[in-house]
Amino acid sequence: MEAYGFIEKAVMQGRVSHAYIINAAQQQAKDLALFLAKGVNCTAEDRKPCGRCSSCRRIEASNHPDVTITQAGGASIGIDDIRQLQKEIFIKPYEGKKRVSIILQGEKMTVQAQNSLLKVLEDPPGDGIIAITTANPAGLLPTILSRCQVLKPETGQNIPDHHLYHETMVSMMEEDFTRASAAIDLLVRDTDRSVEDFLDYMLLQLRDLLVLKLAQKEDLLYIKDNGEFARRTAERFTPAELGRMIEAVSGARENLRQNANAQLTLEVLLLDIQEV
Ligand SMILES: [Zn+2]
């Protein structure tokens, strides 16, 4: 089932779990976690989350005392971060109905931190919910995975068509160095967009191009409404070239995970793509 519909139904039926893993690209996963937090704390009578009540609006603005976000300050989320979360989640909600702790990029938790979180998951507070977002569930301990309900937006849905992502990718693939450099600058400075999300987006696009090239079937495309761009672009590259681009983007993704500088990573990727 589609993830938003799934959450809405669970909220309306009062069947919300104690722990979720939201498996999606960064911004998308965060949006879904906030949707969940709004749903359980919404004060509307009928459809929740309404998006309009004071509770919904303050959660959207990251200004609700019962909804907290834990994220990596530096390279990782450490045991102290999880201890803080543990302290907070056992406090009764101040004004909402449920306390919601959102962990962004859960794969950045150290093993120690994950083990500490596991203790909370084993004995969860009655009115607390933990939502772990991650694009890479393999970075979480199996014991954590087994204690959470995993939500994954359905294939082909909710993939936002970010204009900036598209512009960056197209200018890179067209080897337009000036345009690509400008787009990279914007992307690195844009605090609402992440370079990791961009690379995930680009991987999906390249995968679509390769599928179109090899299978000639538009109904297999991951990103719906991608037909025209995919058809046009797929013609320009061979499957081997697309394969090498996918490798280059995966490599960049891996470098970022190991804390490489974002700007430099994208500039190197631009050169790699020009060489495929
Ligand atoms: Zn509401």
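**Ala-33 and its surroundings**

Trainee: Leaving aside neighbours within four places in sequence, which residues is Ala-33 in contact with?
Mentor: Residues are numbered from 1 along each chain as its sequence is written. Keep in mind that this is a predicted model: local features need pLDDT of at least 70, side-chain atom pairs count only at pLDDT 80 or more, and totals for chains, interfaces and linings use all residues. Contact means C-beta atoms, placed from the backbone, within 7 Å. By that test, the partners of Ala-33 are Ile-22, Ile-102, Ala-131 and Thr-133.

Trainee: Is Ala-33 buried or exposed?
Mentor: Ala-33 has 27 other C-beta atoms within 10 Å. The cut-offs are 20 or more for buried, 12 or fewer for exposed, and in between for partly exposed, with C-beta atoms placed from the backbone. So Ala-33 counts as buried.

Trainee: At roughly what angle do the axes of α7 and α8 cross?
Mentor: Helix α7 covers residues 163-173, and helix α8 covers 177-189. Their axes (lines fitted to C-alpha atoms over the stretch in contact, with angles from 0 to 180 degrees between N-to-C directions) come within 8 Å and cross at roughly 150°.

Trainee: Which residues of α7 make that contact?
Mentor: On the α8 side, the contact includes Arg-179, Ala-180 and Leu-187. From α7 come Leu-164, Glu-167, Thr-168, Ser-171 and Met-172.

Technical notes:
Contact = placed C-beta atoms within 7 Å. Helix = DSSP H or I, 4+ residues; strand = E, 2+ residues; numbered from the N terminus.
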